[in-house]
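Subject: A structure for you to look at

Hi,

Here is the structure I promised to pass on.

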Amino acid sequence: METVYWEHVAAPVGQLLLTADADGALTSLSVPGQKGGRTVQDGWLHDPGPFREAADQLAAYFAGELKEFRLPLRARGTEFRERVWDALDDVPYGATTTYGEIATRIGASRAAVRAVGGAIGANPLLILRPCHRVIGADGSMTGYAGGLERKVRLLTLEGALGQ
């Protein structure tokens with residue numbers, strides 16, 4: 001059985017659940033009520049140790065003092081999903097992009113926009129891997145597994161939306 005460490009971290013958007021693997025790489029960050037979010041499982045090990053740096057960086061982010069996370073991340077998914085998730089890492093703080101732009105960035109066809117949306121919706125590392133920066137082509141606040149209120153709050157924090 002794979003070793004999973006977990007810790008709760010308080011944040012302005014609710015209590016975050018972080019998980020990490022045996023090497024200390026973060027494998028998920030879930031928010032309360034998240035669609036497809038993780039919950040603590042039997043056999044997981046509660047240990048704040050692997051999460052100290054993540055907690056510090058998240059606190060700095062929410063204080064408006066950190067624009068780029070520098071943490072070991074290890075999300076597992078299909079090759080397509082991993083390409084989409086990697087593309088999210090290139091969307092800068094304070095900026096937004098569209099599903100179509102992500103599809104283009106990974107070399108997928110325009111017809112793949114729905115699949116890109118599915119991959120973004122399955123992102124296991126909310127906030128750290130900024131899927132909240134992806135909006136509709138018309139500028140609309142489209143789906144966010146953590147809830148649209150949180151998406152707006154994160155984009156406002158980053159200055160991508162008017163205060």
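A term you need before anything else: a residue counts as buried when its relative accessible area is under 20%. Also keep in mind that this is a predicted model.

Now for the rings. The structure holds three aromatic pairs. In one of them, the ring centres of tyrosine 61 and phenylalanine 69 are 5.2 Å apart and the planes make 45 degrees, so this pair is tilted. What I like here is that the pair links distant parts of the chain: tyrosine 61 sits in helix α1, while tyrosine 93 is in the loop between α2 and β5 (97–98), 32 residues apart. Together, Tyr61, Phe62, Phe69 and Tyr93 make up one aromatic cluster.

Next, the sheet. In what order do the four strands of the open sheet come? The order is β3-β2-β1-β4, and the pairing is mixed. On the edges you find β3 and β4 (45–46), each of which pairs on one side only.

β2 runs antiparallel to β1 (residues 5–9), and five bridges join the two. They form a hairpin with six residues between them, and glycine 14 in that turn has a positive phi of about 115 degrees. β2 is also antiparallel to β3 (residues 26–30), this time with four bridges. That gives another hairpin, with five residues between the strands and glycine 24 in the turn at a positive phi of about 90 degrees.

Tryptophan 6 stands opposite threonine 19, and in β3 the bridge partner of threonine 19 is serine 28. Leucine 18, for its part, has leucine 29 as its bridge partner in β3.

Which residues touch the most other members of the largest nonpolar core? They are Leu16 and Ile127, in a core of 42 residues. Elements giving two or more residues to this core include β2, β3 and α1 (52–62). The largest share, five residues, comes from α1. As for α1, the helix lies across β1, β2 and β3, running at about 145 degrees to β2.

Last, a pair of helices. The axes of α2 and α4 come within 9 Å and cross at roughly 75 degrees, so α2 is roughly perpendicular to α4. Residues making this contact include Phe80, Val84 and Trp85 of α2, and Val116, Gly118 and Ile120 of α4.

Cheers

How values were computed: Residues numbered from 1 in each chain as written. Predicted model: local features only at pLDDT ≥ 70, side-chain atom pairs only at ≥ 80, totals over all residues. Heavy atoms only, no water. Pairing = 2+ DSSP bridges. Core = buried A, V, L, I, M, F, W, Y, C linked by side-chain atoms within 4.5 Å. Buried < 20%, exposed > 50% of the residue type's maximum accessible area, 1.4 Å probe, protein only. Phe/Tyr/Trp six-rings, centres within 6.5 Å; stacked < 30°, edge-to-face > 60°. Axes fitted to C-alpha atoms, helices over the stretch in contact; angles between N-to-C directions. Parallel < 35°, antiparallel > 145°, perpendicular 65-115°, else oblique. Contact = heavy atoms within 4.5 Å.
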